[in-house]
Amino acid sequence: MSLMIWEQCLDLLKDELTVQQFNTWIFPLYSKEQDDILVLQAPNHFICDWIYQHFYSRIKEVVLQISNGKFVNVIIEVGTRRDGEGLPTNITSHATSMPHSSNHSTSKEIPYFQSNLNSTFTFDNFVEGKSNQLALAAAKQVGLEPGGINNPLLIYGGVGLGKTHLMHAVGNMILRQNPHAKVLYLHSERFVAEMVKALQTNRMNDFKMFYRQVDALLIDDIQFFAGKDRSQEEFFHTFNALLEGKQQIILTCDRYPKEINGLEERLKSRFGWGLTVAVEPPELETRVAILMSKAEQTRIEIPYEVAFFIGKRIRSNVRELEGALKRIVANANFTGQPVTMDFVKESLKDLLTLQDKLVTIENIIKTVAEYYKIKVSDIMSQRRSRSVARPRQMAMALAKELTNHSLPEIGEAFGGKDHTTVLHACRKIKEMIETTIDIAEDYKNLLRILTT
Amino acid sequence: MTLSNAEQLVLSGMRLKDDATFRNFFAGKNGLVVNFLQNYEMHSLDGFVYLWGKQNSGRTHLLHAVCLHAKEVGKTAIYLPMETLIQFDPSVFDGAENFDWICLDDVHLMAKQPLWELALFHLYNRLQAKGLRLLMTAESAPRELNVTLPDLQSRLTACTIFQLHSLTDQEKCEALVLRAEMRGMQMPQEVSDFLLRRTSRNLSDLFDVLDKLDHASLAAQRRLTVPFVKTVLGI
């Protein structure tokens, strides 16, 4: 009944308000009735207050009119349709959050535990490459023997390189071996939010008990614990309790934990007790394999040379490859055309143009000069001292790798050098990457700076 | 002086108001994205969508059309315009995960605003964990957005990304004719050509002019002709 009345009110209000006002403030409200009161639920306090300030009196008039005087009052409160309809928001049935009711504070067991792992992230569809093989091996080991010597397992590396995938894959493997295992995945922000909520509602005992009873605790992006002292304190105790109980902990971080400012030393040190492994940006072959694998999962056929083309052009991280693939799928579904090289070039025109625009020879020279703390004019000069020649060779090699310019064009852009100088520089850098750690590191860093 | 029926109708606010729908969106070169959004609920892999394009390329219109579409297919949606919300704090995102589709307009306004970037990052994660959908618009592509949080930037690049192409003058004429038709008006080509030549070429300004002409033609019971348009607009 209230639903129908509110629907009619919506029709009327829609005509009176701008589209933006309607879709932002009015359309998202859920209605329920309480005797002669129509209760409208808004998603948060901000929207609630805004509606009271700007639309309340008109809403009240409209409701009174449409309901023929049935609803003499209207209340706006924070809530959701699911609250209103009595659907389960109590998260005891779901592992994404701790129990809702304080009745659980004396309970020894989590009453019902459904894992919130993403079942699509498995080892089977994780593409192995040089950049991630150590992390993959460690993760599989933990999956086979949770709570063993590799506890905690900490996977660190840049964004979009598959850390979360690996983490879920371990969890899924643990579950496959023991379907009753309580495997809990959550983002660090969720841990913090739950703790704050528990503090506010005086339910810290529930909070502690919930996290300490899991068989495996998977926390993503622990760098977001930085600066949150109370959360770190609580996490520290949870961490210790789990380790003592030989329950597995898996963590991911965007950098080596020792490098996180605002993270307690005792936590950093404990993170290192088990196994810490890095994932690196995937090299070309792995990027191509990832694309082929994802295309297969999407049930779209991509010829190898097309995947190679995309992998060569999009090198920053796996997420961007995914974005490109999704766009190709959208285009293919729309046009019904097969995925050919021309088709892909057309589909990704905007994206590829953007990359071309970003990685110019000028940009490379400038970035390399900044990296080695020399002047752009030094790189452009004829000077042959090693402090200038090596960065110049590095910039030339990067220009060959990252742009489609010919060698004479690259030489010209470096202050009128001959194309044989460019060729020599490229060979030299390639050789040194294999033999000199510093050069390999510089090349990798510069590549990352220029392509992300 | 007594008012004519038409004038009374106008003054009592009975003129048709333009909704932002897919039907009255002139796609031009944006056929693919419109088709994609019209079937948004069908794309199982592509819940996270990022539309970018210049001002007046139709970003906001499409988000509103998606909100309306949500209702038609039994989904709940919320439209969050950053232009309005950026002056407040990120708690405006609280509870957003209670909707099936979240339409976030002008995310470029969040770039270089650490609290907002973090809020969007967390919102993205929450929605992804719950299998919900996020549709964003911005004036530039994710890589050019100048976002300082790399975790957010990489997530934005993982979206299905579409560029919205602005309409050519010819397409703007056709868009005007379509919009007029939706309002029950006939707009001869010479009128649309005239408007493009003599008034703003900005599409939203052109629609405002159309609104004015609609009002005037209804009140005066006149068809749209170049002389009538000149009189109404005082050109």
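This note goes through a predicted model of chains A and B, point by point.

1. Chain B on its own. Its secondary structure comes to 10 helices and five strands. Along its principal axes, the C-alpha trace spans about 65 × 35 × 35 Å. Chain B has 235 residues, and buried ones make up 56% of them. Now look at contacts in chain B with a separation of 6 or more: 73% of these come from residues 24 or more positions apart.

2. The interface. How many residues of each chain take part? On the chain B side, 52 residues are in contact with 45 residues of chain A. Together the two chains bury about 4400 Å² between them. Carbon and sulfur atoms carry 59% of that area.

3. Polar links across the interface. Between chain B and chain A there are 15 residue pairs in polar contact, with both residues at pLDDT 80 or more. Which parts of chain B face chain A? The elements giving two or more residues to that side are α2 (31-38), α3 (59-72), β2 (77-81), α4 (82-85), α5 (114-129), α6 (150-157) and β5 (160-164) of chain B. By class, this side of chain B has 25 nonpolar, 15 polar and 12 charged residues.

4. Salt bridges between the chains. The count between chain B and chain A is four. One salt bridge to find in the model joins E189(A) and R126(B). Their closest N and O atoms are 3.5 Å apart.

5. The nonpolar core. The largest core has 91 residues. Those with the most contacts inside it are W6(A), I26(A), I59(A), Y50(B), F93(B) and L104(B). Helix α5(B) gives the largest share of this core, seven residues.

6. A closer look at F93(B). What does F93(B) touch, leaving aside its neighbours within four places in sequence? Its contacts in chain B are L80(B), M82(B), L104(B), M110(B), W116(B), A119(B), L120(B), L123(B) and R126(B). F93(B) also contacts N44(A), from the other chain.

7. Salt bridges overall. Over all chains the count comes to 29. Side chains of opposite charge can pair when their charged atoms come close.

8. A pair within one helix. E234(A) and R230(A) meet in a salt bridge, at 3.4 Å from N to O. Why are they about one helical turn apart? Both sit in helix α10 (residues 229-244) of chain A, and they are separated by about one turn because they are four residues apart. R230(A) has 38%, so it is partly exposed.

9. R59(B) and D106(B) form a salt bridge at 2.9 Å, N to O. This pair links distant parts of the chain, 47 residues apart. R59(B) lies in helix α3 of chain B, and D106(B) lies in the loop between β3 (101-105) and α5. Buried or exposed? Both R59(B) and D106(B) are buried.

10. The side chains of R255(A) and D254(A) meet in a salt bridge at 2.7 Å, N to O. With a relative accessible area of 30%, R255(A) is partly exposed. Elsewhere, salt bridges that share partners join E16(A), R58(A) and E61(A) into one network.

Key
Residues are numbered from 1 along each chain as its sequence is written. Chains are lettered from A and ligands numbered from 1 in the order in which they are written. This is a predicted model: local features need pLDDT of at least 70, side-chain atom pairs count only at pLDDT 80 or more; totals for chains, interfaces and linings use all residues. Side-chain values use heavy atoms; hydrogens and water are left out. Contact means heavy atoms within 4.5 Å. Buried area is the accessible area (1.4 Å probe) that two parts lose on being put together, summed over both. A polar contact is a pair of N or O atoms within 3.5 Å; within protein, one must be able to donate a hydrogen and the other to accept it, and residues adjacent in sequence count only if both atoms are side-chain atoms. Ala, Val, Leu, Ile, Met, Phe, Trp, Tyr, Cys and Pro count as nonpolar, Asp, Glu, Lys and Arg as charged, and the others, Gly among them, as polar. A nonpolar core is a set of buried Ala, Val, Leu, Ile, Met, Phe, Trp, Tyr and Cys residues joined through side-chain atoms within 4.5 Å. Buried means under 20% relative accessible area, exposed over 50%, partly exposed in between (1.4 Å probe, protein chains only).
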